[in-house]
Amino acid sequence: ADNKKLVSFAFCQVLGSDVPRAEGARVSGLTLAGERWYSRAGRLRARNNITARMNKAASPSLEHRVTAAQVVCKRLRTIKDPDAYFDTAQHEFSVALRTMSLDLLDSLDRRLNALGEKVARLEATTRKVVISRDARAGAQEIAANFAAQQERAEKSLLSLWLQGYVRRLPRLTANANDHEEDVDLLLDAVDFAFCRCALNVAISSSSVSQEKLMSSRVVSILISMVDGANKAMQQTKNKSNDQSISNSATLDAAALVTGPCLMALAHLARRGDLVCSQIADANGILVVINCMRIVQHPTVLAQACRTLSTLSLLPQNRQQIANRKGINILVRLLAASQLSPIPGDHFLSAEFNGMQVNESIQEAALAAFTNLTNSSEPNRQLVAELGGIEHIVSCILFARHGGPVRNAAQAIANVAYGSHFSVARCIMARADVAICSAIGATDFLDEDRLLEAA
């Protein structure tokens, strides 16, 4: 009870209200410590401390609190009975304390909400930083992988190209009586160096300007390498018609160099009309066509067809290819590559020395037909006169993969465009029936390019 009276008395002193009591008498129940509140300095310190706490905890409602304190002060001044005075002061103090507690809780909630918003903003910023860092790290990883692949591109391409030859190359043995232990392959170091040089040109052609390619005379070097390989293969074929080990090794070595050179010429021709024209001026078209006549390796023959197709992208080269009997060679290739409906039964071409002309050669030759007959009426007439339309239709009917069928449909479209003679030959060859059959057998989801061509 004394403590409650002491607190109520202090509250009254803060509000500035005098406690009713007898003249010169002590307040009942107060100790000496309570009498200190009668000093003016003590009242001022207590009032300042409580006011500072109220301002800090409930600053938004400070004016309201001051007004409420004034009302309570007036009410206390009207009470004359000390017991009633202390009861009323205690009640008002409890109300003020509860109100202050609620204000403190509200202020704490506001501060916690503000802190939560700051934490949320910090978390969002951190998430953005982490995402950005991960994106940069991913981009750097992709760039590093691309750089590594670029560095390994030449070796990978060389490995893929050699795989088709190493198994065919003869091997040296330790002695004549021991045929089990293999010592070395009959692969000439100069041929290997030329092969690697040509592959490097093919890989780096996309990153070198046309002016640099033309001034470096790399086109003349590649054409001379193919021409030299053609002469070596022709001499080997003229000396002997049997398939001895030495003849086979010579042909494979020549093909090992010819293929990368043809690939490099095809890549260079795609760089622009200037380089493509330079290849034609350096007698590259005749060299490529001669290679198609002589070469026995299917992969090299397919690459020669692709190179001829790329050179025919330049309009002035199309008539030159036709004059050099390039279209005749392509028609004979298609005649040799006709596939019967029976799987594994290939027609062999006597003109190409019994070489099996696979669908890779077929697809490349059809692409060359498509480019050669583009906006060239003389070439359309020549293809029709040589019987090329019938062979193209046979490719549509008997090819087992979508690539040859797609290229054959594109070739038919170019051959028949604007030429009544070619259209009549296409109808006679039942090209319309073949194309409708191809459309009926097309997977509409996986073969959209074939469907578009048809």
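This is a predicted model: local features need pLDDT of at least 70, side-chain atom pairs count only at pLDDT 80 or more; totals for chains, interfaces and linings use all residues.
A crossing is left-handed if the near helix is turned anticlockwise from the far one by less than a right angle, and right-handed if clockwise. Residues are numbered from 1 along each chain as its sequence is written, and side-chain values use heavy atoms, with hydrogens and water left out.

I start with helix H17. Helices here are DSSP runs (H or I, at least four residues), numbered from the N terminus. H17 and helix H18, residues 402–416, pack at about 150 degrees with axes 8 Å apart. Axes are lines fitted to C-alpha atoms, for helices over the stretch in contact, and angles run from 0 to 180 degrees between N-to-C directions. The crossing of H17 and H18 is left-handed. On the H17 side, the contact (heavy atoms within 4.5 Å) involves Ile389, Ile392, Val393, Cys395 and Ile396, and these meet Val405, Ala408, Ala409, Ala411, Ile412 and Val415 of H18. By class, that is 11 nonpolar residues, no polar and no charged. Nonpolar covers Ala, Val, Leu, Ile, Met, Phe, Trp, Tyr, Cys and Pro; charged covers Asp, Glu, Lys and Arg; the others, Gly among them, are polar.

H17, residues 388–398, packs against H20, residues 431–440, at about 25 degrees, with the axes 9 Å apart. H17 is therefore roughly parallel to H20, a word used for angles under 35 degrees. This crossing is left-handed too. Val393, Ile396 and Leu397 of H17 touch Ala431, Ala434, Ile435 and Ala438 of H20.

Next, the cysteines. How many disulfides does a search of the whole structure find? The search finds zero, a disulfide being a pair of cysteine sulfur atoms within 2.5 Å. For cysteine 291, the closest cysteine sulfur is in cysteine 261, 9.5 Å away, so the two are too far apart for a bond. Cysteine 291 is buried, at 0% relative accessible area; buried means under 20%, exposed over 50%, and partly exposed in between, with a 1.4 Å probe and protein chains only. Cysteine 276 is also buried, at 2%.

Last, serine 312. This residue sits in the loop between helix H12 (298–311) and helix H13 (315–323). Serine 312 is buried, with 0% relative accessible area. Leaving out residues up to four places away in sequence, serine 312 touches Arg318, Ile321, Ala368, Asn371 and Leu372.

Terms used
Helices (H or I, at least four residues) and strands (E, at least two) are DSSP runs, numbered from the N terminus. Angles under 35 degrees count as roughly parallel, over 145 as roughly antiparallel, 65 to 115 as roughly perpendicular and the rest as oblique.
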